[in-house]
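The entries below follow the order in which I looked things up.

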Amino acid sequence: MGRSLWYALRRWYRACVWRFRQVVYWPRRRWSRAPAAELPDTTAQTAESPQQTAAAASRSAVHRIRCAEVWGGIRNAELEAVTSGVRASLFSNSCEGGEGGDVYYFSVCGADSLTRVALADVTGHGQMVSQVGRWLYDALAARMNSVRGDRVLSELNDLAEHYGFAAVSTLAVAQFYRRNSQLYVSYAGHPPALVYLRSKGRWQPAIVPEEAGLVNLPIGVSDETRYAQHAMPLASGDRVLLYTDGVLEAPGPDQSLFGHARLLSVVEQNAGAPLAELRTAIVDALRRHTGGPLTHDDVTVLALEVI
């Protein structure tokens, strides 16, 4: 059997499985989503002082994500969330207004023991972002009881290849399994998460070991891409930071990028701060570096802490 025919049959099979889940399996799940229109739009807050931003974050309601639920969206947001395993603090800002190219989702398994977060940075904007958001929501819902985040990325890659360059996206999928206190991470061309181990008192990148061939590329680049997953133990008080490249590539007046070194310096200085203050410190540092509102690119920062 020729290689091209084999891949065509594989795509056909996965498309059939995907459709079967939509019609038969998914409607029977007990999950809910906060539609994008219901997420708080914080565009008008970008000019606030650091003190106002921190105060607003402390006043915001904490959303409890319960078992068998998928929750998130694509709109601007500053919000707090909690599951049985982790606390979360999110900032997401579109450079174009209320909706941009970043997609964020949380899910909790039916047994309330596996918390998964996914962050996507879509090359295209508008309708394509909504499309990738729907794919991500469906993939998380279908696999909310599995620790295989790499398979979520594989399914998304199979779908994205039909849409060309506009669907090319980087993604990070991180999940914390409460029963064995393990963090599992998978990436599709996305900047690696930073992990703070309280016992060691330092931050370090959560790197997925390199493999030969087409591995961990952004979705939509090649249907031959394989995705890997890496596990590491976490304890209560340990933290995980996910972010999009709008953080690293924020330009200063002299066109110098914010970069890894500045990000690491900020998180190290605020390692013991409350989660919302850590997130706010990163955003404030970005604004000081750029000299104003974050209009260079979409920016999303998601900080997690193990309960």
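How many bridges join β6 to strand β7, and in which sense do the two strands run? I found nine bridges between β6 and β7 (residues 169-177), and the two strands run antiparallel; strands count as paired here if DSSP finds at least two bridges between them. I note that this is a predicted model, in which local features need pLDDT of at least 70 and side-chain atom pairs count only at pLDDT 80 or more, whereas totals for chains, interfaces and linings use all residues. Residues are numbered from 1 along each chain as its sequence is written, and side-chain values use heavy atoms, with hydrogens and water left out.

**Entry: overview.** I counted seven helices and 13 strands in the chain, where helices (H or I, at least four residues) and strands (E, at least two) are DSSP runs numbered from the N terminus. Buried residues make up 56% of the 307 residues; buried means under 20% relative accessible area, exposed over 50%, and partly exposed in between, with a 1.4 Å probe and protein chains only. Among contacts (heavy atoms within 4.5 Å) between residues at least 6 apart in sequence, 71% join residues at least 24 apart.

**Entry: β6 and A118.** I returned to β6 and looked up its cover, and found that nine of its nine residues are buried. L114, R116, A118, A120 and V122 point one way from the strand, while T115, V117, L119 and D121 point the other way, and all are buried. For the pairing with β7, I noted that D121 has T170 as its bridge partner. A118, which lies in β6 (residues 114-122), has a relative accessible area of 0% and is therefore buried. Leaving aside residues up to four places away in sequence, I found that A118 touches V103, Y104, Y105, L136, L140, A172 and V173. I also looked up A118 and Y137, which are 19 residues apart in sequence and 9.4 Å apart in space, C-alpha to C-alpha.

**Entry: helix α3.** I checked the length of α3 (residues 127-142) against expectation: at 1.5 Å a residue its 16 residues should span 22 Å, and its end C-alpha atoms are 23 Å apart, which agrees. The expected span is 1.5 Å times one less than the number of residues. The helix is mostly covered, with 13 of its 16 residues buried.

**Entry: β3 and its partners.** Six of the six residues of β3 (residues 77-82) are buried, so I describe the strand as largely enclosed by the rest of the structure. Both of its faces are covered, with A77, L79 and A81 buried on one side and E78, E80 and V82 buried on the other. β3 pairs with β1 (residues 62-64) in the parallel sense over three bridges, and in that pairing R64 has V82 as its bridge partner. Six bridges join β3 to β4 (residues 86-93), and these two strands run antiparallel, with A77 opposite S92. A hairpin of three residues joins β3 to β4.

**Entry: the cavity.** I found one cavity of 30 Å³ or more, and the largest cavity has a volume of about 70 Å³. On a 1 Å grid over the protein atoms alone, a cavity is a set of points where a 1.4 Å probe fits but cannot get out, a pocket is an open set with protein on both sides within 12 Å along at least five of seven lines, and lining residues have an atom within 4 Å of a point. Which strand gives the most to the lining of the largest cavity? It is β7, with three residues; β6, β7 and β13 (299-306) each supply at least two. The lining includes T115, V117, A174, Q175 and F176.

**Entry: two loop residues.** S181, in the loop between β7 and β8 (182-188), has a positive phi of about 55° although it is not a glycine, and S181 is partly exposed at a relative accessible area of 30%. Q255, in the loop between α5 (245-248) and α6 (259-269), has a positive phi of about 70° and is not a glycine either; Q255 is exposed, with a relative accessible area of 59%.

Technical notes:
Grid points are joined across faces, edges and corners, and a volume is the space filled by probe spheres set on the points.
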